[in-house]
Amino acid sequence: YTFVGHGLNNDFRIINIFVPPEQIIDTVNLYHMPNRRKISLRFLCYICLGQNIQSDTHDSIEDARTALLLYQHYVKLQKDGKFGEELERIYEEGARLGWQVPDP
């Protein structure tokens, strides 16, 4: 099995289970530049997918679906050779917006 999510190492630590790294695809690490901040799921979803999540309450099912969509987006960008360009854009937008999702 392969687990896809956002911030999975923390989740696995909290429930006290070990999952081999080769079975984990963590979008917090996929969408991360070395020596730069890690990006929240909510912000990545807003910038990459144009969707607003977690606006009222935390919904773990919504988070899981969003992480899977972000992984699929990552795979497509990698295939098209555009991931580096997209990651730069994400960090630029993050700096511009103070890493906050604007109110609708």
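In helix 4, the buried residues are Asp-63, Thr-66, Ala-67, Leu-70, Tyr-74 and Leu-77. Their directions from the axis span an arc of only 105°, which places them on the same side of helix 4. The model is a predicted one.

**Faces of helix 4**
- An α-helix has 3.6 residues a turn, so residues three or four places apart point the same way.
- Ile-61, Arg-65, Lys-76 and Lys-79 are exposed on the other side of helix 4.
- The cover over the buried residues of helix 4 includes strand 1 (3-5), helix 2 (27-30), helix 3 (41-49) and helix 5 (83-97).

**Length and ends of helix 4**
- Helix 4 runs over residues 60-80, and its 21 residues should span 30 Å at 1.5 Å a residue; the end C-alpha atoms are 30 Å apart, so the two values agree.
- The N-terminal end of helix 4 is capped by Asp-59, with a side-chain oxygen 2.9 Å from the backbone nitrogen of Ile-61.

**Helix 3 against helix 5**
- Two packed helices are described by the angle between their axes and the distance between the axes.
- For helix 3 and helix 5, the angle is about 115° and the axes are 11 Å apart.
- Helix 3 and helix 5 make a right-handed crossing.
- On the helix 3 side, the contacting residues are Phe-43, Leu-44, Tyr-46, Ile-47 and Cys-48; they meet Glu-86, Arg-89, Ile-90, Glu-93, Gly-94 and Leu-97 in helix 5.

Notes
Residues numbered from 1 in each chain as written. Predicted model: local features only at pLDDT ≥ 70, side-chain atom pairs only at ≥ 80, totals over all residues. Heavy atoms only, no water. Helix = DSSP H or I, 4+ residues; strand = E, 2+ residues; numbered from the N terminus. Expected span 1.5 Å × (residues − 1). Buried < 20%, exposed > 50% of the residue type's maximum accessible area, 1.4 Å probe, protein only. Arc of directions from axis to C-beta. Contact = heavy atoms within 4.5 Å. Polar contact = N/O pair within 3.5 Å; in protein donor to acceptor, adjacent residues only side chain to side chain. Axes fitted to C-alpha atoms, helices over the stretch in contact; angles between N-to-C directions. Left-handed = near helix turned anticlockwise from the far one by under 90°.
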